[in-house]
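Trainee: Could you walk me through reading a model like this one? I would like to begin with pockets.

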Amino acid sequence: MNEIITYFTTIPPAHRSFILVGGITVFWLIENAFPLFNFNYKKWHHAGINIFFTLTTIIINFSLAYFLLKTAQWTVEKKFGILALLPGIPLWLYTIIGLLLLDLIGAYLVHLIEHRAKILWRFHLIHHTDTWIDTTTANRHHPGESVIRFAFTLLGVFIVGSPMWMVFLYQTLSVVATQFNHANIALPQKLDTFLSYFIVSPDMHKVHHHYKLPYTDSNYGNIFSVWDRLFGTFKTLSREEITYGIDTHQEPKEHNVVKNLLNIPFQKHRSPEIE
């Protein structure tokens with residue numbers, strides 16, 4: 001455990017970039033060999049769009065990283081936050097509690113609010129317009145949403161009082177988890193179901209990408225599935241019934257062109273149908 005803390009305390013940016021690129025590459029190869037759905041699409045063009053948004057997310061996160069670092073340092077120095085209130089517990093348990101709480105605020109909560117608040121949904125909508133969900137979809141976020149999600153991560157660090165090594169560990173796990181649960185792969189049904197009791201499995205998250213309500217408004221988790229189960233937002237749907245995208249943006253010119261995707265938050269709002 002101490003070795004993990006030491007590594008993530010000083011993890012070089014190059015290593016974090018390698019994890020991001022390496023994860024996409026590994027899941028890209030797996031989904032090419034064992035796809036869940038055989039999409040009829042231009043995979044490289046689709047990847048290019050999603051990688052563009054991945055790069056904007058990276059730029060925004062690195063640009064704002066100073067605030068994350070200073071917040072984490074302040075909470076540790078002042079012994080502020082939930083973790084500071086815990087009695088003496090083993091380091092592994094301290095880490096798990098911290099990661100769970102960061103995931104609650106920095107992933108589940110912001111995701112839930114993005115679906116409930118119309119102004120935030122306009123930015124998150126870009127992620128849901130993808131009709132070919134694969135591992136590159138993981139970081140398909142409008143720059144505006146990247147700022148929103150960073151703000152909630154910052155809030156999470158402040159409330160939880162997590163040290164910076166835990167923040168880096170959480171972000172690393174988050175990147176790999178989201179690449180995994182977006183990947184166009186088919187795990188054995190029983191294995192996927194078993195995993196979904198602990199982490200967000202591919203089948204579990206793909207329900208969230210079904211094109212109609214109420215499934216779009218479910219399964220908000222990123223790493224841990226406990227929050228969806230605890231707060232009643234967990235839903236299941238068979239693989240055969242899932243249709244990707246969002247019912248308000250089904251045309252390729254709406255979901256497969258970078259310029260339009262950037263403009264979606266500022267276009268006239270269209271309410272999805274409820275079935």
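Mentor: The largest pocket is lined by 38 residues. T57, N61, N139, S174 and V175 lie nearest its centre. Helix 2 (13–33), helix 3 (43–77), helix 5 (91–116), helix 6 (118–128), helix 7 (143–160) and helix 8 (164–182) each give two or more residues to that lining. Before we go on, note that this is a predicted model: local features need pLDDT of at least 70, side-chain atom pairs count only at pLDDT 80 or more, and totals for chains, interfaces and linings use all residues. Residues are numbered from 1 along each chain as its sequence is written, and side-chain values use heavy atoms, with hydrogens and water left out.

Trainee: What is a pocket here?

Mentor: Rolling a probe the size of a water molecule over the atoms shows where empty space is left. On a 1 Å grid over the protein atoms alone, a pocket is an open set of points where a 1.4 Å probe fits, with protein on both sides within 12 Å along at least five of seven lines. Lining residues have an atom within 4 Å of a point. In this model the largest pocket has a volume of about 870 Å³, the space filled by probe spheres set on the points, which are joined across faces, edges and corners.

Trainee: Which helix gives the largest share of the lining?

Mentor: Helix 8, with 10 residues. Helices are DSSP runs (H or I, at least four residues), and strands are E runs of at least two, numbered from the N terminus. The chain has 13 helices and 0 strands.

Trainee: Now a loop residue. Is N184 buried or exposed?

Mentor: Buried, with a relative accessible area of 5%. N184 lies in the loop between helix 8 and helix 9 (189–195).

Terms used:
Buried < 20%, exposed > 50% of the residue type's maximum accessible area, 1.4 Å probe, protein only.
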